[in-house]
Every structure is written in C-alpha cells, then in structure tokens.
Amino acid sequence: MSELSPLQLEPGLAERLSSVEDRIQAACRRAGRSRDSVLMLAVSKVFPASAIMAAHQIGLTQFGENYVQEFEAKAPIVRPLSDIRIHLIGHLQSNKARRAAELFDVIQTVDSIKLAQRLNDSGRPLEVMIEVKLSQEDAKHGAGPDAVPALADAIHALPNLRLTGLMTMPPWSDNAEDSRPYFRRLRELATAVALPGLSMGMSNDLEVAIEEGATIVRVGTALFGSRRRH
Ligand SMILES: *Cc1c(COP(=O)(O)O)cnc(C)c1O
C-alpha cells in the first residue's frame, strides 16, 4: 500500500501557482518593478497540513495562517520542513501572544502596544508588522492610521521585535480598483514612518496592490481553491 503524496492530494496546485505567478510577473512589469521585490505568501488557512506540504514540494516556503489554534495542529507536521516561514495574518488576542510567538516566524497583525509588549515578553526574536485599519467597517481589526507612529516607536524600542512594515485588508469588493485608495494610503503611511514593508493584496486585487507598492501579497483562493468545501 502506498500513501498518496501531498501533490496528489492537491490536484491542480502547480497549474494554479503558475497562473498566479504569471499575474504577479505581469503586474511587476507594468509597474516597472523587479519580481524579487514582491513575496507571494501562500495563505493556507482552513486547508490541511498536506496542502502546505504539497505547496512546499513545488517550491513555496512562506505561508500565511489566520488562527493560532488551527496552526498549532498543523505545526508538528510542517515544522520539520526546515526552510519554511509561517506568518500569522489573522487577528491576535493578547492572551494568545505567548503561544503565537512560539508558533510563528512573523506576526503581521500587531495592532496595540499591549500586544507588542506581550510578544516581546515571550523572549523569542520575531519579525512583526502593524495591521492598519483604513476603513470604517466595525468588523475589521487593526490600529487606526493616527495611532501608527506611536505604535511604531513603541515597537522599535522592544528588543525582541523587528518591525518591518504595515499590513492592511480593505473592505471586500469584487472590483479590484476599489482597493487602490486603501493600498495607496497604506504606502503613504509606511513612508511617513520610514518602514519598507507593505503587506497588501489578495487573490482578487494583487495586481493593484503590486502597482501601489506591495512587498507581500497574500494569496489563498487563487492557489488552493475555494475554502468553502473545507
Ligand atoms: C484569507 C486571507 C487572505 C487570502 O485571501 P484570498 O482572497 O483567499 O486570496 C489574505 N489575507 C488575509 C488577512 C486573510 O484572512
């Protein structure tokens, strides 16, 4: 009896990766940017650890996960892949900060000084980004734009945290152009606080994000398919 390899469990993954890659390269060309300036983060939330294994087999090493508990279950399976880096891209409550610091390599969703301090107290060196809330939608997490400079200063003073940029998620729209003003605003904010990293753009609007300067695009559906069946 032979076990199914991860790639057999994820039919179509290589084709979907190649079409996402084509989109990224076309957007980089249009924007006059080098392909190296944009990281494609593979968002594996809701999908099983085998999806990460399959994506790793075809060369992906950086993954985005949304929930501490969900990744806790996958970690024993995927952590033996020594070259992977896992980014937390979902909201993080302060009471889970210590566990998150043990599980993830990058926390993209720091939105308060209290959370930053808790992460720093874990003692583990971490890369972090500030999640910024740029829309009025109540459901969205993130620091308000006015709070970003003080939060950035506070994080810079914490020895275990290395602040590399800002992250945002605009209100969902099926028209990618609707995201552009949010992406532009995030870039202006990052420039104002002298941070190089911009995590913005998802399956539906990654081209617009790259045109507006994204250094990380977070791609789930276009790579792994719809999350509804999982
Ligand atoms: C789920 C998720 C993504 C990926 O979204 P897709 O539309 O599936 O590409 C990106 N960023 C965050 C914060 C997410 O929660």
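Guide: Let's start with the largest cavity, which is lined by Pro170, Pro171, Trp172, Ser173, Ser179, Met202, Asn204 and Asp205. Keep in mind that this is a predicted model.
Visitor: OK. How much space lies in that largest cavity?
Guide: About 50 Å³.
Visitor: And how do the residues of its lining divide by class?
Guide: Four are nonpolar, three are polar and one is charged.
Visitor: How many cavities of 30 Å³ or more turn up in the whole structure?
Guide: Two. The second largest cavity has a volume of about 40 Å³.
Visitor: Which residues line the second largest cavity?
Guide: Glu131, Val132, Lys133, Leu134, Ser135, Lys140, His141, Thr168 and Met169. By class, that lining has three nonpolar, three polar and three charged residues.
Visitor: Got it. Switching to pockets: what's the volume of the largest pocket?
Guide: About 590 Å³. Its lining has 25 residues, and those closest to the pocket's centre are Lys45, Asn66, Met169, Met202 and Arg227.
Visitor: I've seen two of those names before.
Guide: You have. Met202 also belongs to the lining of the largest cavity, and Met169 to that of the second largest cavity.
Visitor: What's the class breakdown for the lining of the largest pocket?
Guide: Eleven nonpolar, eight polar and six charged residues.
Visitor: Now the ligand. Where does it sit?
Guide: In the largest pocket.
Visitor: Which residues come nearest to the ligand?
Guide: There are 13 residues around the ligand, and Lys45, Asn66, Ser203, Thr221 and Arg227 come nearest. Lys45, Asn66 and Arg227 are also among the residues closest to the centre of the pocket.
Visitor: What does that shell look like by class?
Guide: Six nonpolar, four polar and three charged residues.
Visitor: Let's get down to atoms. How far is a polar side-chain atom of Arg227 from an oxygen atom of the ligand?
Guide: 2.7 Å. A backbone N or O atom of Gly220 is also placed by an oxygen atom of the ligand, at 2.8 Å. With Arg218, an N or O atom of the side chain lies 2.8 Å from a nitrogen atom of the ligand.
Visitor: And how much of the ligand's exposed area does the protein bury?
Guide: The protein buries 92% of the 390 Å² that the ligand exposes when taken alone.
Visitor: Great, that's what I was after.

Technical notes: Residues are numbered from 1 along each chain as its sequence is written. This is a predicted model: local features need pLDDT of at least 70, side-chain atom pairs count only at pLDDT 80 or more; totals for chains, interfaces and linings use all residues. Side-chain values use heavy atoms; hydrogens and water are left out. A residue is near a molecule or strand if one of its heavy atoms lies within 4 Å of it. A polar contact is a pair of N or O atoms within 3.5 Å; within protein, one must be able to donate a hydrogen and the other to accept it, and residues adjacent in sequence count only if both atoms are side-chain atoms. Accessible areas come from the Shrake-Rupley method with a 1.4 Å probe; for residues, only the protein chains shown count as cover. On a 1 Å grid over the protein atoms alone, a cavity is a set of points where a 1.4 Å probe fits but cannot get out, and a pocket is an open set with protein on both sides within 12 Å along at least five of seven lines; lining residues have an atom within 4 Å of a point. A molecule sits in a cavity or pocket if more than half of its atoms lie within 2 Å of its grid points. Ala, Val, Leu, Ile, Met, Phe, Trp, Tyr, Cys and Pro count as nonpolar, Asp, Glu, Lys and Arg as charged, and the others, Gly among them, as polar. Grid points are joined across faces, edges and corners, and a volume is the space filled by probe spheres set on the points.
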